[in-house]
Every structure is written in C-alpha cells, then in structure tokens.
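Q: I would like to learn how to read backbone, strand and side-chain features in a model. Please take them one at a time.

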Amino acid sequence: MTTATRPIVYHIPVCPFSQRLEILLGLKGQRDAVEFRTVDITKPRDPELLRKANGTTALPMMELPDGRILKESLVLLDYLDETLPGGPIRRAAPYDRAVERMLIAKEGPFATQGYVFVMNADPERRAAHQAKMDALWRDLDTFLVQHNPQGDFLFDRFGLAEAVFTPLFMRFWFLGYYEGYDLPADAIRARRWREACLAHPAAQQVTREEIVKLYYDYALGAGNGALVEGRTRSSFVFTPDWRERPWPSPDKYGRRATDAELGLV
Ligand code: GAZ
C-alpha cells in the first residue's frame, strides 16, 4: 500500500463544484498538486467513501494525506488557495476581499434558481422561473457596475469569484438549450463578465455539447444521476461517451426521449 502525499479530491467530473477546484489549481499552476478520483453517481456509493464522509454523499470531498476530510467547494477553494504555492488567487487587501466575498455569497441562490428552472416540468411556471433568473442576473449586474464598471472581471483579472461562478455560467448553457433562456438584454455588465469568464483559458474543462447532453435528465426534472421513468440509463453515464451520442431534442416539455434516442444503449 502506498501512502498518499497529496490531497485526494473525490469528484463527479462534470459537477460545477469540482470544476471550481480545477480552475483554481490551473490558475495557480498546481494542477497536479491534488489527485482527482472520479465517482460515478449513477452507481451505489463505495461504503468506504461513505464511512469517510459520515454517510454524506455530496461531492467534492477532499481527503488530506493524514486522512482528515474536508467538504464544501468554497471551503476547499480557500484551503487550496492558502496551502498550495503559486500565489494567492483570492484578493489580498481586506476591502477587496470583502467585495469578493459579497459577490461569492450570491452563488448559492443563483445556482439553485438555474437548476430549479431547468428542472421545472410545468410550462405554466416557466415565466415565474424566468423572472426570478432575470432578477438574479440584474443583481449581479448592479454589483459589477458598482465595483468595477469599466472592467471585464470583478477586479483586474480572473480571480476567486470567477472560479466560483464560471462553472455555473457553463451549466446554464442548459437553460439556453432547453428553455431558450439567456440573461436579460439590459444586464450588459453581467454579460461582459460572463463572456470574459467563459473565454478564460483556465476554465475550459467542459464544453457546451457535453453539458447539454449530460444534463438532459435534469431538464426532465431528474437530478444527480436519478433515473427518469421508463428509462434504464441516466444521461450522466460515462459510457457511451457523450461525444458519440446525438444531441437531445430541446423540447423538454414535449415527448421524452428513450434510452435509444439518447444514444445510451
Ligand atoms: N455545496 C456543495 C459544494 O461543494 O459546494 C454542493 C455539492 C453538491 O451538491 N454536489 C452534488 C453531489 O455530489 C453534485 S453537483 N450530489 C450527489 C449526492 O449524492 O449528493 C445543484 C443544484 C440542484 C441540483 C443539482 C445540483 C448539482 O438544485 O450541481 O442546485 C444548486 C449537483 C436542484
């Protein structure tokens, strides 16, 4: 048996919360300072992993070389930023750090609304979800206009807040595809932030095609690898590879695709 010398992150490859860690490591030039181990959430969880996490299943989870366990992506970001070489990604000055944290504090409601919107199965509630999503984008817009009206990022470069939000901007490609939704036209500063984030070289771990194909089941209301009624395989399975599958129908409120139509069997 070999002893681990670097932290191990257990993760779901396409999960936005573990992508945050990959982005941070890339920004610090420390991609190999952490060992990533893939967990397939469509299969029963390894009992040893469950024991380590006191029965909890949410990922990412980090195991330090001495066996201690840390969870919550924002906590892991801070820990890795503070312990690894490569210079701090988070802001150094107390006021700037406070501004950065205020923006990061908006990630929870923003993420939840995007997921609840894509998972909604009731066409009559579509407009209400759109209005809520619009309001959250406008709130980000106002914040960015206040703190850095001329720039692309929150500060002068892609930093911690961008590492937190960019994976969500990428997941929200599913709102464009399955809901025909994009951020409001008047949220100009937020749009510029999003485009700069999406284009950054440190944030290219997933593609739009991968997100749209893997998250088909989310668009039908089935999250986290759950099985849609009448299907035998989740759209989140790793084989067949998403590249070999056809693009799903964007009509999420219409007829549901079969395993075969999705290229899953
Ligand atoms: N707060 C945690 C963090 O690390 O930041 C969240 C971690 C988390 O939710 N991980 C999910 C997980 O491991 C995968 S990503 N699930 C497997 C399990 O057994 O718990 C987000 C949503 C949502 C549905 C799904 C997700 C998502 O709303 O991306 O809202 C934000 C899951 C319905």
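Q: Where does Glu-72 lie?

A: Helices (H or I, at least four residues) and strands (E, at least two) are DSSP runs, numbered from the N terminus. Glu-72 sits in the loop that connects strand E4 (69-71) with helix H3 (73-83). Its phi is positive, about 85 degrees, although Glu-72 is not a glycine. This is a predicted model, in which local features need pLDDT of at least 70 and side-chain atom pairs count only at pLDDT 80 or more, while totals for chains, interfaces and linings use all residues. Residues are numbered from 1 along each chain as its sequence is written, and side-chain values use heavy atoms, with hydrogens and water left out.

Q: Is Glu-72 buried or exposed?

A: Buried means under 20% relative accessible area, exposed over 50%, and partly exposed in between (1.4 Å probe, protein chains only). Glu-72 has 56% relative accessibility, so it counts as exposed.

Q: What is the phi of Asn-54, and where is Asn-54 placed?

A: Phi of Asn-54 is near 55 degrees, again a positive value in a residue other than glycine. Asn-54 belongs to the loop between H2 and E3. With 73% relative accessibility, Asn-54 counts as exposed.

Q: Which peptide bond next to Pro-60 is cis?

A: The bond to read is the one from Leu-59 to Pro-60, which is cis with omega near 5 degrees. Pro-60 is in the loop between helix H2 (47-52) and strand E3 (61-63). A cis bond also runs from Thr-239 to Pro-240, with omega near -5 degrees. Pro-240 is found in the segment after helix H11 (216-219).

Q: How many bridges join strand E1 to strand E2?

A: Two strands pair if DSSP finds at least two bridges between them. Strand E1 (residues 8-11) and strand E2 (residues 35-38) run parallel and are joined by four bridges. From E1 the chain passes through helix H1 (residues 16-27) to E2, a β-α-β crossover that is right-handed. The term right-handed applies if, with the strands pointing away from the viewer, the path from the first strand over the helix to the second runs clockwise. Within this pairing, Ile-8 stands opposite Glu-35 in E2, and Val-9 has Phe-36 as its bridge partner in E2.

Q: How does E1 run relative to E3, parallel or antiparallel?

A: E1 and E3 run antiparallel and are joined by three bridges. On this side the bridge partner of Val-9 is Met-62, in E3.

Q: Which residues cover the faces of E1?

A: In a regular strand the side chains alternate between the two faces of the sheet. In E1, Ile-8 and Tyr-10 are on one side, Val-9 and His-11 are on the other, and all are buried.

Q: How many aromatic pairs are there?

A: Rings of Phe, Tyr and Trp (its six-membered ring) pair if their centres lie within 6.5 Å; planes under 30 degrees apart count as stacked, over 60 as edge-to-face and the rest as tilted. By this rule there are 22 aromatic pairs. Phe-110 and Phe-169 have ring centres 6.1 Å apart and planes at 90 degrees, so this pair is edge-to-face. Phe-110 is in helix H5 (residues 107-119) and Phe-169 in helix H7 (residues 160-171), so the pair ties together parts 59 residues apart in sequence. Phe-110 and Phe-169 are both buried.

Q: Which residues do ring pairs link into a cluster?

A: The cluster includes Phe-110, Trp-137, Phe-169, Trp-193 and Phe-236.

Q: What sits over the ring of Phe-155?

A: A charge sits over a ring if NZ of Lys or CZ of Arg is within 6 Å of the ring centre and within 35 degrees of the ring normal. Here the charged end of Arg-91 sits over the Phe-155 ring, 4.2 Å from its centre.

Q: Is Lys-213 buried or exposed?

A: Lys-213, in helix H10 (residues 208-214), counts as buried at 3% relative accessibility. A polar contact is a pair of N or O atoms within 3.5 Å; within protein, one must be able to donate a hydrogen and the other to accept it, and residues adjacent in sequence count only if both atoms are side-chain atoms. The Lys-213 side chain makes such a contact with the side chain of Glu-209 (2.6 Å).
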